[in-house]
Amino acid sequence: MSSMGQTVQVTLRLSKDIYERVTQAALMEQQQVEDLLRTLIAEGLEAHTTIRELLKHVSEDYRARLAREGKLYQSSGDVLQELRDLREQITRELYPG
Amino acid sequence: MNSIRGEAVALDTNVCIFALRKEPNYPACETLFFDKLTALQVYIPLQIFLEVQRNLTTSEMRRVVRALTMAQAVTWDYAPAPMDLIRQWEQRGAKKGDAVITVYLEVATIRYLVSENRDFLKELPALPFTVLSSEEAVRLLGVGSTASVRPQQSLS
């Protein structure tokens with residue numbers, strides 16, 4: 001039976017220093033500490049994977065988000081146009097005038 | 001054209017995004033980004049970094065950056081592009097965004113840009129770098145020095 005999607009509750013003991021760094025990072029990233037810890041543990045595990053595995057997981061997350069936003073099946077032409085527009089937008093921000 | 005092994009190459013934002021999207025029209029983006037990164041010396045200017053970042057969440061970006069650090073070599077260029085050089089390329093007809101990318105590659109003497117934007121500065125003569133599709137880049141990574149492809153843009 002697949003355990004995908006199931007969750008378990010874990011009690012974690014951290015040094016005060018690490019906990020303070022996590023809370024600071026969560027504040028900066030506007031996340032709950034619990035959510036950030038979940039992300040950090042998942043990313044830590046990915047540090048031991050190959051590039052393909054790492055990017056495969058990023059791709060799955062990204063595609064799932066695009067699907068939720070209704071953008072997964074945008075044509076490649078539309079994506080290219082959006083990226084061209086984004087390039088010009090960022091350029092205007094960085095190099096005004 | 002020689003293999004691009006041992007050459008620093010810039011990866012355009014569209015290569016990264018198409019790879020992560022698993023865009024069926026550009027399968028070589030995924031091959032290049034997922035499977036060939038360790039054979040690549042990658043150059044990432046600030047402009048491209050920001051474009052990728054705007055498309056991804058913090059967690060997605062952090063992992064993409066981590067993947068890029070596993071390339072054979074990676075250079076992050078966070079310096080702004082010199083404004084006078086940007087203006088020069090604009091005066092030659094480049095859009096500002098493309099002018100910025102061109103200046104980055106020109107200043108850093110990067111000879112290859114991997115991009116699926118086939119129109120990238122097509123109208124401009126004497127580009128200081130060659131634009132390769134990801135398919136061409138994958139082919140050039142896998143061949144010896146005698147193989148050749150027809151580049152979209154030529155070195156001036």
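Two strands pair if DSSP finds at least two bridges between them, and strands here are DSSP runs of E of at least two residues, just as helices are runs of H or I of at least four, both numbered from the N terminus. With that in place, take B:Ala10, which stands opposite B:Tyr43 in β2(B). In β4(B), the bridge partner of B:Ala10 is B:Leu113.

Before going on, some housekeeping. This is a predicted model, in which local features need pLDDT of at least 70 and side-chain atom pairs count only at pLDDT 80 or more, while totals for chains, interfaces and linings use all residues. Residues are numbered from 1 along each chain as its sequence is written, and chains are lettered from A, with ligands numbered from 1, in the order in which they are written.

Back to the strands of chain B. Strand β1, residues 8–11, runs parallel to β2, residues 41–45, and three bridges join the two. Three bridges also join β1(B) to β4, residues 112–114, again in parallel. Chain B as a whole has seven helices and five strands, in the order β-α-α-β-α-α-β-α-α-β-β-α along the sequence.

How much of chain B is buried? The word is used for a residue with 20 or more other C-beta atoms within 10 Å of its own; exposed means 12 or fewer, partly exposed is in between, and C-beta atoms are placed from the backbone. On that count, 46% of the 156 residues of chain B are buried. Contacts, for their part, are pairs of residues whose C-beta atoms, placed from the backbone, lie within 7 Å. Among contacts in chain B between residues at least 6 apart in sequence, 66% join residues at least 24 apart.

Next, helix α1 of chain B, residues 13–21. Nine of its nine residues are buried.

In soluble globular proteins, nonpolar side chains tend to be buried together.

What follows α1(B)? The helix is followed by B:Lys22, in the loop between α1 and α2 (27–35) of chain B. B:Lys22 is not a glycine, yet its phi is positive, at about 55°. Most residues other than glycine have a negative phi. B:Lys22 counts as partly exposed because it has 17 C-beta neighbours inside 10 Å.

Helix α2 of chain B also holds B:Asp35. That residue is partly exposed, with 16 other C-beta atoms within 10 Å. Its C-alpha atom is separated by 34 Å from that of B:Ile86, 51 residues apart along the chain.

Now chain A. Its secondary structure is four helices and zero strands, so the pattern is simply α-α-α-α. The radius of gyration, taken over C-alpha atoms, is compared with a globule rule of 2.2 Å times the number of residues to the power 0.38. For chain A the radius of gyration is 19 Å, well over the 13 Å that the rule gives for 97 residues, so the chain is more spread out than a compact globule. Its C-alpha atoms fill a box of roughly 50 × 45 × 25 Å along the principal axes. Buried residues make up 12% of the 97.

Chain A has a positive phi of its own to report. A:Gln30, a residue other than glycine, has phi near 55°. It lies in the loop between α1 (16–28) and α2 of chain A. Is A:Gln30 buried or exposed? A:Gln30 counts as exposed, because it has 8 C-beta neighbours inside 10 Å.

On confidence, pLDDT is the predictor's own figure for each residue, from 0 to 100. Chain A has a mean pLDDT of 90, and 95% of its residues reach 70 or more. Within chain A, confidence is lowest in α2(A), at a mean of 87, and highest in α4(A), at 97.

Last, the interface. How many residues of each chain are in contact with the other? The count is 25 residues of chain A and 37 residues of chain B. On the side of chain A that touches chain B, the elements giving two or more residues are α2 (33–46), α3 (51–68) and α4 (76–94) of chain A. By class, that side has 13 nonpolar, four polar and eight charged residues. In this sorting Ala, Val, Leu, Ile, Met, Phe, Trp, Tyr, Cys and Pro are nonpolar, Asp, Glu, Lys and Arg are charged, and the others, Gly among them, are polar.

Notes. Contact = placed C-beta atoms within 7 Å.
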